[in-house]
Amino acid sequence: MKILVCISHVPDTTSKINFTENDTKFDTNGVQFIINPNDEFGLTRAMWFKEKQGATVDVATVGLKDTEPTIRKTLAIGADNAIRIDTAPIDGYQVAKELAKVAKDGEYDLIIAGRESIDYNGGMVPGMLAKMLGYGFINTCVSLEIDGNTATAVREIDGGKETSKTELPLVIGGQKGLVEESDLKIPNMRGIMMARKKPLNVVEPIGNEVSTEAKKFTKPAPKGEVKLVDAENIDELINLLHNEAKAI
Amino acid sequence: MSILVYTETENGKFKKASFEVASYAKAIADQTGGSVTAVAFNAANPQELEKYGVNKVLHVENEKLQKFNADAYAQVITEATKQETASIIVVSQSANAKYLAPLLAVNLEAGYASNVVEVPNTEDAFTVKRTAFTNKAFNETAINTSTKIIGLSTNSFGVHESETSAEIISFEGAVTDENFKINVESVDKNTDKVSIADAEVVISGGRGLKGPENWHLIEDLAETLNAATACSKPVSDMGWRPHGEHVGQTGKPVATNLYIAIGISGAIQHLAGISASKTKVVINNDPEAPFFKAADYGIVGDAFEVIPKLTEKLKEFKANNA
């Protein structure tokens, strides 16, 4: 089984979010970048398929050279090959199109991408990629088993779960649940050393066709002070929620 | 010009988010001219949509489409868009809508903006305001394609009545076997409990609850307010509560009317995930907990004393205001 895991290079979850160039660009100054958490759950599940079922695992990222430390980390975790498509990601459509080319060329059986990146939260790439390839697609996937050519997947729905069966090739929009938080791997020294020798292929983009463009960023207005209510005076809280906030 | 909305049903009933997307489409129609057409699958009462400004309902009653199937539903909406020559399509951000929208975007070669929180600006370029960086920022996004898809964030626009009369038209939608690659085998849904996505009120518990055996306190309070129950990341990581209840950056987003956090300190990732909620209440014994900076109302106190009292008082309140 050949697996491709799509990796997004995103600011760490604790990053301060600021903008530059007249609020048109994300300010990367002092920001630590990480593997998008939803992608990392997928990558870790892919490692399980590698260990238990002999799968090969490639990773692909759409991004410029600055994404390479993140890509190297995926190799240190255990991916076999990495592909970097040498262009800045602008929108989901463009990213999906670039990944579709790589996915088609590589004839992968299973493609895993996070259900959304934690920077733009678009939630577009996995579905678009599947449709462009003509493969089956399961989003918000929290469990995945592969037996031969058949996949059994559980998807999170509003208020529950849905189990389905399908044939490979398949695209998954992954998230926590594919593996547990405690299954995530911190690369060891051997992994890091080996990652240096693994291939990181840089490929040219096929184009820059975008359908949407981020124009300007703003930050939410600062919040007013919290109103503290005495623990002995619950009636006051209920009164505020009812008459002031109109929340109950 | 026609604006198309996907109005989701559950067991034949429209979800509240369907009325919200209809209201939103009506607001666009008022701004740009044009009418609102809804696509509804197996609705018990499609006529209901006319209360929210829908002029036409394409009602799909295909036997094959009884159960949600993202690719098949996207195909039907694609056909409907072409038939109606619609240039704007509005979907909610429910799990199912988020599942089908990217498929629809590829079918229609349409630009798709998700997590939109305001009516588009159509003066110059067509731009929408959407949340980014998990609610830590907003982003104005231009949609450059002739057909545009908007994913409207839950509870961002609200439901607005606008009585009109709607024509109900039966719509077939040509689906093929190709659209049914995914075979749903079973659905496991807690039907007697409101889901986090649909709830008006969410009661969320953190490590301060000390253990899963104390969750009856959260559940009792939730029941009083017909609320969904949720939890912080450590609570789901420790297995006290199922993953489906984890809210925050890597969990579920919450955009509810009232969010009550109990025994949750308020890590930045948690706050980001819930900040779209309208009113936030925190109950924590640590006055230094970061959640107090993000909340509207707060009680510094012991959860084990405060929750039962709050539940009891709310019961009285509900009884008096029923």
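# Notebook: sheets and helices of chains A and B

I began at a strand pair and found B:Ile262 opposite B:Ile283 in β16(B). The model is predicted, so local features need pLDDT of at least 70 and side-chain atom pairs count only at pLDDT 80 or more, while totals for chains, interfaces and linings use all residues. Residues are numbered from 1 along each chain as its sequence is written, chains are lettered from A and ligands numbered from 1 in the order in which they are written, and side-chain values use heavy atoms, with hydrogens and water left out.

**Entry 1**

Strand β15 (residues 258–262) and strand β16 (residues 279–284), both of chain B, pair in the parallel sense over five bridges. Helices (H or I, at least four residues) and strands (E, at least two) are DSSP runs, numbered from the N terminus. Two strands pair if DSSP finds at least two bridges between them.

I then followed the order of this open sheet of six strands, which is β15(A)-β17(B)-β16(B)-β15(B)-β13(B)-β14(B), with parallel pairing. At the edges I noted β15 (227–229) of chain A and β14 (228–231) of chain B; each has a single partner strand, so one side of each is left without a neighbour in the sheet. From one strand to the next the twist averages 20°. Helix α4 (residues 215–224) of chain B packs on this sheet and touches β13 (201–205), β14 and β15 of chain B, with its direction at about 170° to that of β13(B). Contact means heavy atoms within 4.5 Å. Axes are lines fitted to C-alpha atoms, for helices over the stretch in contact, and angles run from 0 to 180 degrees between N-to-C directions.

**Entry 1: the ten-strand sheet**

I traced a second open sheet, of 10 strands with mixed pairing, in the order β13(A)-β7(A)-β6(A)-β1(A)-β8(A)-β12(A)-β9(A)-β10(A)-β11(A)-β12(B). Its edges are β13 (200–203) of chain A and β12 (183–189) of chain B; each has a single partner strand, so one side of each is left without a neighbour in the sheet. The twist here averages 30° from one strand to the next.

Within this sheet I checked strand β8 (residues 110–114) and strand β12 (residues 170–174) of chain A, which pair in the parallel sense over five bridges. A:Gly114 stands opposite A:Gly174 in β12(A). Helix α2 (residues 68–77) of chain A packs on the sheet, touching β6 (56–62), β7 (81–85) and β13 of chain A, and its direction makes about 160° with that of β7(A). From the other chain, α3(B) lies across β9 (136–147) and β10 (150–157) of chain A and runs at about 125° to β10(A).

I followed α3(B) to its helix partner. The axes of helix α4 (residues 125–133) of chain A and helix α3 (residues 95–108) of chain B come within 7 Å and cross at roughly 45°. I listed the residues of α4(A) as A:Gly127, A:Met128, A:Lys131 and A:Met132, which meet B:Pro102, B:Leu103, B:Ala105, B:Val106 and B:Asn107 in α3(B).

Within chain A, the axes of helix α3 (residues 92–106) and α4(A) come within 8 Å and cross at roughly 50°. That makes α3(A) oblique to α4(A).

**Entry 2: a covered strand in chain B**

Strand β10 (residues 148–152) of chain B is mostly covered, with five of its five residues buried. Buried means under 20% relative accessible area, exposed over 50%, and partly exposed in between (1.4 Å probe, protein chains only). I found B:Lys148, B:Ile150 and B:Leu152 buried on one side and B:Ile149 and B:Gly151 buried on the other.

Four bridges join strand β6 (residues 86–91) of chain B to β10(B), running parallel, and B:Ile89 stands opposite B:Ile149. Four bridges also join β7(B) to β10(B), again parallel, and there B:Val116 stands opposite B:Leu152.

**Entry 3: B:Val117**

I ended in the loop between β7 (111–116) and β8 (127–132) of chain B, where B:Val117 lies. B:Val117 counts as buried because its relative accessibility is 16%. B:Val117 and B:Lys129 are 12 residues apart in sequence and 6.0 Å apart in space, C-alpha to C-alpha. Beyond its neighbours within four places in sequence, the contacts of B:Val117 include B:Phe138, B:Ser153 and B:Ser156.

Terms used
Parallel < 35°, antiparallel > 145°, perpendicular 65-115°, else oblique.
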